[in-house]
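Please look through the sequence and the structure below. The report that follows takes up a few local features in turn.

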Amino acid sequence: TPGSYLQLDPDTGFYSRMRCNTRWEEICAFAEDHARWNLKVGTPCEFIFRNVAGRASGDPMATGTDSVRIESSQGSEEQQMSELRRVLSNNSPCGAAPIAERLEEIQDWIQAQVSELRQRDQVVFLTI
């Protein structure tokens, strides 16, 4: 159903259909689920936001404002999830989405880490 998603109840292990008020809430719930899954399997993930309020074109990306990295080796899982929820709540769809500019920034960010990614035998998946 549009505007709904399945949520795993950690106590019962069963999925139940939850109703979201907005598409943005559904996207936020999916991002949180994705982060939790990655924490469980030990795969780092990074969320990069397109329309950060107050960010001018050409401003460098800032962790904690434009992006959040989730990685099991980087401290408390609950603290990382709280940070993701904080950044999600501070951002929402607004105005034009500078997708081409953001994709160029992501490409530059990946290129800067190519050696480290190869050493760790890691690959990058981009989901839009």
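## An exposed aspartate

At 72% relative accessibility, Asp121 is classed as exposed. The model is a predicted one. Asp121 lies in the segment that comes after helix H4, which spans 114-119.

What is the phi of Asp121, given that it is not a glycine? It is positive, at about 60 degrees. Most residues other than glycine have a negative phi.

## The aromatic pair

How many aromatic pairs does a search of the whole structure find? The search returns 1. Phe30 and Trp37 are its members, and their geometry is edge-to-face.

Are the two partners buried, exposed or partly exposed? Phe30 is partly exposed, with 49% relative accessible area. Trp37 is also partly exposed, at 44%. Both values fall between the 20% and 50% limits, so neither residue counts as buried or as exposed.

## Cysteines and disulfides

How many disulfides turn up in a search of the whole structure? The count is 0.

Cys28 is buried, at 11% relative accessibility. Cys45 is buried too, with a relative accessible area of 8%. Both fall under the 20% limit, which is why they are classed as buried.

Technical notes: Residues numbered from 1 in each chain as written. Predicted model: local features only at pLDDT ≥ 70, side-chain atom pairs only at ≥ 80, totals over all residues. Heavy atoms only, no water. Phe/Tyr/Trp six-rings, centres within 6.5 Å; stacked < 30°, edge-to-face > 60°. Buried < 20%, exposed > 50% of the residue type's maximum accessible area, 1.4 Å probe, protein only. Disulfide = S-S within 2.5 Å. Helix = DSSP H or I, 4+ residues; strand = E, 2+ residues; numbered from the N terminus.
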